[in-house]
Amino acid sequence: MPNKTFFWFFLPTGLAMILFIGLPIISTGIQSFYAQHDQVVKEVKKCDPFGCTVSIVVDQEATSILRDEKPLGKFNGFGTYIDRNHLAIEQISDFWKETDSFGEFINQVTNLPFYKALLFTLTYCLFVTPNVLLLGFIIALSLNAISRKIRGPLIFGTILPMIVTPLVGSLVLFWMIDAEGIIGANLQLMMEDPYLSLKSSRTLTWITIIIYGIWHHSPFAFVVFYAALQTVPQEPVEAAIIDGASRYQRIRHIVLPHIYPVVTFVALISLMDNFRVFEPIIGFSAEGSAQSLSWLIYDNLVNEEVILFGSAAATSMMTIIGIAILLAPVLIRTWKEFRTAR
Amino acid sequence: MEYGLDKRSNALKTFNTTFIIIWLLIACFPFIWTFWGSFKVRADFFSRADWWYAISAFNTLLETGGQFTSKAYSEAWTEGEFWKASRNTIIVTVFVVSISLFLGTLGAYALSRSTERYAFWILIAALIFRAMPHITLVSGYLFPFFELQIWGILPTTIVVLVAINQPFTLWLLYSFFKTVPKELDESALIDGCSYFQAFRYIIMPVMWPGVITAGLFSLMLAYNDFTVTALLLNQENHTMVPKIQSYLGTNQHEGNLMWAVSAVVSATAPLFMLVMFFQRQVISGLTTGAVKG
């Protein structure tokens, strides 16, 4: 296709992506260097028969004029990146000096908002992704062995958790697991602990959200693996059976190598999606004990008084860097393949 | 894998069947339970006293005199203004699907027929864009949108959702277009068609399965989106998912939590119907990118 034709065909979609994905990233970058204005204060002298006192009050008018003039806020350089709510360089060096043991230091650091969120996000990715791959693969193998006639409805049932939006999915589970729901209430009875509830323990909350993640993402892995299983050639499998290979050996040495490229694809997509975990935290009302990077941004953006554009943007930029680190190995590999292919 | 040579032991068969049944229970029961509970009063579905109330409908009988009540639905749809939210969802979904398909087919066709190196890089860029968490993009939109005073209205959200949706649509349609033989449009070009005519009259008619799949995925994205719609729309224009969240915020009020339950059911039911109907397309869409490489 000539370049000119390509240009016109691609223009609309290219324009949409540049305007609404490319530019916003740049806009986020610019915003992250600004912080909201401080409130303008003025001294007010108040005199009464016993003498004069000077008090400091917020000058609402001047503040709003300043905000209207420079809506982006004041220039802050990398100030937002290193403040207490983000990388917290100062606090960390203080902790380093003050704490005695390394464990305590780590404990202090992971109490800072950004590191707390990072820790949760990484834990979530680390636990959900491998389990999704495993469970998805087992379901695919298992369904593949079931009679073809009834597979259709079974597949429909299997993919339900994936097609609902994460907020709805987590709500539906939350209503069952909550202290007043069917599972939660029965757990309380079984454990004989009337105060056992999701919100009472940080570990429980994390486990619940991770289980939710596995529940929500496994169907995706299942669908891809299931389709890949249909393409496994029959001859080597039959040869292996004749040679006396066990079921496990067949899976390990014939099926897995065949679907290996698909496994990396699922792992990559799943990792990308898990890194942006956000809606389940709202669905499970788990803000108290589990916060993710995306949730931090959301929290800044729905701030009651002033929207903290700068703070949200700084967290966003660091999230994007995180994504870039996750994607880097794949991109490097693709580029090498592309070069050798040429 | 039904190999003639492969004999399964009965134990394995039983284990397999049990596993599938347990998994299906885990996957489906929460939805069935929520559907059941949405016809009860709050004191039953969220019972402090006894979870069995949700089945025996103890309080529902007391309060309404029947086993089932549709009070939560009628209140959510009228008083809770869920009708407005679903109207907004329909508007957003229809526009997002049609615009993204229009842009996506044009772009993906060009990508699949180009042999230049930049086509490869565009696809890689699309992959990177696909990986961006939506909330980071939203934090980039909010400020400019406030300044331009286009925040809070449906058209802005539609355009944003279309753009966010493009990378995935492009990849999906690209792999579909790759399966259409090049000779088809080349012969049309030799016969004197322009590229656009070849695209419109030769390629599009054989592309319907791919277009339907891509359309379904755009629909699911627009229908399910929470991040963009919750932050870019004002109260008045909220679609269903942010509306459900707004019912949760005030759950001290007795009626509201049941509104959320009935709203969840109302929002999920059409989606399930659709997927049941188009199951084959959904699955082929999820797998084309992966299996064909």
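A residue is called buried here if 20 or more other C-beta atoms lie within 10 Å of its own, exposed if 12 or fewer do, and partly exposed in between, with C-beta atoms placed from the backbone. By that count, buried residues make up 37% of the 342 residues in chain A, and 46% of the 293 residues of chain B. This is a predicted model, in which local features need pLDDT of at least 70 and side-chain atom pairs count only at pLDDT 80 or more, while totals for chains, interfaces and linings use all residues. Residues are numbered from 1 along each chain as its sequence is written, and chains are lettered from A, with ligands numbered from 1, in the order in which they are written.

**Confidence**

- The model scores ipTM 0.86 and pTM 0.87.
- For chain A, the mean pLDDT (the predictor's confidence in each residue, from 0 to 100) is 85, and 99% of its residues reach 70 or more.
- Among the elements of chain A, the lowest mean pLDDT, 76, belongs to strand β2 (residues 41-48) of chain A, and the highest, 93, to helix α6 (residues 113-144) of chain A.
- For chain B, the mean pLDDT is 84, and 91% of its residues reach 70 or more; confidence there is lowest in helix α16 (residues 279-291) of chain B, at a mean of 68, and highest in helix α6 (residues 82-113) of chain B, at 92.

**Chain A: overall form**

- The secondary structure of chain A comes to 15 helices and 4 strands, where helices (H or I, at least four residues) and strands (E, at least two) are DSSP runs numbered from the N terminus.
- Chain A has a radius of gyration of 27 Å, well over the 20 Å that the globule rule gives for 342 residues, so it is more spread out than a compact globule; the radius is taken over C-alpha atoms, and the rule is 2.2 Å times the number of residues to the power 0.38.
- Taken along the principal axes, the C-alpha atoms of chain A fill a box of roughly 105 × 75 × 45 Å.
- Of the contacts in chain A with a separation of 6 or more, 67% are accounted for by residues 24 or more positions apart, two residues being in contact if their C-beta atoms, placed from the backbone, lie within 7 Å.

**Chain A: domains and a backbone detail**

- The domain assignment of chain A gives domain 1 (74-104) and domain 2 (112-341), with bounds that come from an automatic or database domain assignment.
- The C-alpha centres of domain 1 of chain A and domain 2 of chain A lie 32 Å apart, and 9 residues of domain 1 of chain A are in contact with 7 residues of domain 2 of chain A.
- Ala88(A), which lies in the loop between α3 (79-82) and α4 (89-98) of chain A, has a phi near 50°, a positive value in a residue other than glycine; Ala88(A) is partly exposed, with 19 other C-beta atoms within 10 Å.

**Chain B: overall form and domains**

- The secondary structure of chain B comes to 16 helices and 0 strands.
- Chain B has a radius of gyration of 24 Å, well over the 19 Å that the globule rule gives for 293 residues, so it is more spread out than a compact globule.
- The C-alpha trace of chain B spans about 80 × 70 × 30 Å along its principal axes.
- Chain B is divided into domain 1 (10-69) and domain 2 (76-291), whose centres, taken over C-alpha atoms, are separated by 33 Å.
- The contact between these domains takes 9 residues from domain 1 of chain B and 8 residues from domain 2 of chain B.

**Chain B: local features**

- Helix α7 (residues 117-131) of chain B has 15 residues and should span 21 Å at 1.5 Å a residue, which agrees with the 22 Å between its end C-alpha atoms; the expected span is 1.5 Å times one less than the number of residues.
- The buried residues of α7(B) are Ile122(B), Ala126(B), Phe129(B) and Ala131(B).
- Glu81(B), in the loop between α5 (71-78) and α6 of chain B, has a phi near 55°, a positive value in a residue other than glycine.

**Interface between the chains**

- In the interface, 83 residues of chain A are in contact with 78 residues of chain B.
- Helix α1 (residues 3-31) of chain A gives the most to the side of chain A that touches chain B, with 17 residues.
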